[in-house]
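Take a look at the model below. Keep it in view while you read. We will go through it one piece after another.

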Amino acid sequence: MRKFTCFLLAFLMLVLIGCGANVNENKKPNESVTNGAEDLTDGLNEYGDKLPDNLNYDGYEFRVLMHTGGNLTDTSWRTYVEIPEMNGDVLNDGAYERNLEVEARLNVTIKARETGSWDKISAELAKTVLANSDEYDYAVIGPNDNAAVLLSQNIVVDFKTMDYIDLDAPYYFHNASETFTIAGKQFLLAGEYMCSMISSVSLLFNKTLSESLNLPSFYDVVDKGNWTFDYMMNCMKDVYSDANGDGKVNYGDIFGMTTHPVMGIYLYSSFGGTTVRIDKDGKFEMAVYNERNVQFIDKLLQLYNSADVFVDPGKPWESFFDGNALFCYYGSSLTRLRPIDSFDFGYLPTPKYDEKQERYYNYLCGALTAVPITVSDVERTGAIIEAIYSASHRILVPAYIASYVEQKIMRDEGSQRMYRLTLAEGIYDITGNVDPSGKIQNYKLISELFNKKSNDLASSWAAVEIAVTEAYNNLYDEIVASIN
């Protein structure tokens with residue numbers, strides 16, 4: 001669950017969002033993660049990038065900062081940065097082959113540097129830079145880490161100024177690049193290097209229970225564009241039963257859906273619920289309160305108030321894992337789904353708000369990275385980053401998606417298609433990792449309203465509007481001042 005406090009964890013996953021009457025009208029979804037290896041085109045070399053073939057960095061040690069346990073120890077969110085040997089695991093071995101290629105190609109070694117918790121990586125990086133210490137070349141920002149400190153004190157490099165990094169390449173997440181570009185500068189980068197940390201929030205369904213209820217094929221409903229919140233709610237209507245016979249609504253009963261209390265904010269995101277946007281001039285625009293956002297909250301309160309929905313902070317997924325729920329709005333590691341063997345399950349995108357919404361959008365977070373300004377050779381750093389992402393795109397991502405997720409997690413072709421759809425249409429929100437006010441990070445106000453089962457967004461926003469607006473305006477001014 002760490003990822004989606006967010007990234008609850010990461011994942012997440014993992015920041016983003018459209019505006020006004022048109023959902024996500026100013027946001028481009030990701031279009032890279034699902035593609036695998038690309039056909040070579042003019043200008044690309046045999047590695048599928050544009051790096052020159054004569055780069056040699058004399059055995060330089062490329063140091064990657066991450067949270068303690070984040071390399072290979074964390075059972076849910078390993079980054080696979082430094083791989084000592086092959087061990088038969090598809091992700092470990094894919095990362096090993098990727099590193100072997102990059103290290104031989106550029107004559108470097110890639111080293112993991114683990115320290116602290118993953119919501120404190122920005123603080124650690126800032127500390128070293130302010131001490132003028134060249135300790136790290138690259139940092140993996142935790143999904144629930146507030147990176148505003150990195151942007152406000154001229155601590156990290158603008159990726160748009162780095163030689164060799166091709167931000168238009170398919171291995172970088174274009175929605176993340178757009179979301180985190182402020183005053184024309186991009187200080188945070190996301191892409192396929194951290195593919196094992198990338199997971200969209202998703203909707204799981206119990207195929208056995210669905211068939212017993214004579215429900216239609218959900219994959220067909222998605223394909224027709226009819227997979228909406230109301231459709232989902234109708235499917236789970238009156239599914240609840242007191243299966244354990246104790247006269248209480250609790251674990252052991254049958255539910256239409258089970259989920260964690262925090263997950264409603266990601267449904268809000270998928271509807272086009274807004275927080276802070278970047279306007280055409282690269283400035284922050286407050287978009288927390290508007291009537292459409294209130295409509296989204298009203299809709300989602302139906303879910304929180306439904307007798308068929310079990311919202312449980314202690315065991316949010318277990319009822320589904322035990323076969324006792326039709327749906328599970330899921331926000332944890334895909335790895336946890338692998339042991340399910342008592343029933344067949346399927347994988348779906350987050351539903352649309354209504355059929356007027358053109359696409360299915362799924363909240364993403366995690367995989368964000370930064371380069372400290374204290375690196376001794378920014379050009380070298382850019383070349384190494386480009387080579388790592390390029391190799392991840394060709395080697396690690398196909399292994400992760402095709403060999404691991406689709407073969408070991410997903411149970412049918414429909415789920416495989418839905419999984420690729422959720423990644424391709426994943427979107428980030430700037431407040432997931434950048435909130436200088438500390439008051440609205442990761443849809444905080446929206447989450448508080450859900451907890452209170454209230455739709456009074458106007459009052460919640462009024463209480464913090466001045467402080468939040470001032471903090472973001474100050475951050476913008478500091479970024480502009482650092483540029484000049």
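**A walk through the fold**

Ala387 is buried, with a relative accessible area of 0%. Buried means under 20% relative accessible area, exposed means over 50%, and partly exposed lies in between (1.4 Å probe, protein chains only). This is a predicted model: local features need pLDDT of at least 70, side-chain atom pairs count only at pLDDT 80 or more, and totals for chains, interfaces and linings use all residues. Residues are numbered from 1 along each chain as its sequence is written, and side-chain values use heavy atoms, with hydrogens and water left out.

Where is Ala387 found? Ala387 is in helix H12. Helices (H or I, at least four residues) and strands (E, at least two) are DSSP runs, numbered from the N terminus. Ala387 touches Asp49, Leu51, Val102, Arg105 and Leu106, leaving aside residues up to four places away in sequence. Contact here means heavy atoms within 4.5 Å. Asp49 lies 338 residues from Ala387 along the chain, but their C-alpha atoms are separated by 7.7 Å.

Now follow H12 to its neighbor. Two packed helices are described by the angle between their axes and the distance between the axes. H12 (residues 378–409) and helix H13 (residues 413–424) have axes that come within 10 Å and cross at roughly 125°. That makes H12 oblique to H13. Axes are lines fitted to C-alpha atoms, for helices over the stretch in contact, and angles run from 0 to 180 degrees between N-to-C directions. Angles under 35 degrees count as roughly parallel, over 145 as roughly antiparallel, 65 to 115 as roughly perpendicular and the rest as oblique. From H12, Tyr400, Ile401, Val405, Glu406 and Gln407 meet Gln416, Tyr419, Arg420 and Leu423 of H13. By class, this contact of H12 with H13 has five nonpolar, two polar and two charged residues. Ala, Val, Leu, Ile, Met, Phe, Trp, Tyr, Cys and Pro count as nonpolar; Asp, Glu, Lys and Arg count as charged; the others, Gly among them, count as polar.

A second pair has another make-up. Helix H10 (residues 291–305) and helix H14 (residues 444–452) pack at about 45°, with axes 10 Å apart. That makes H10 oblique to H14. Ile297, Leu300, Leu301 and Tyr304 in H10 meet Ile446, Leu449 and Phe450 in H14. The contact of H10 with H14 has seven nonpolar, no polar and no charged residues.

Stay with H14. Which of its residues are buried? Leu445, Ile446, Ser447, Leu449 and Phe450 are. Their cover includes helix H9 (264–271), H10 and helix H15 (457–483).

Next, look at the backbone. Most residues other than glycine have a negative phi, and most peptide bonds are trans. Tyr443 has a positive phi near 60°. Tyr443 sits in the loop between strand E16 (426–427) and H14, and is buried at 1% relative accessible area. After H14 comes Lys453, with a positive phi near 55°. Asn214 has a positive phi of about 60° too. Its loop runs between helix H6 (207–212) and helix H7 (218–223). At 70% relative accessibility, Asn214 counts as exposed.

Last stop: Thr369, in strand E15 (residues 368–370). Thr369 is buried, with a relative accessible area of 0%. A polar contact of 2.6 Å joins its side chain to that of Tyr138. Such a contact is a pair of N or O atoms within 3.5 Å; within protein, one must be able to donate a hydrogen and the other to accept it, and residues adjacent in sequence count only if both atoms are side-chain atoms.
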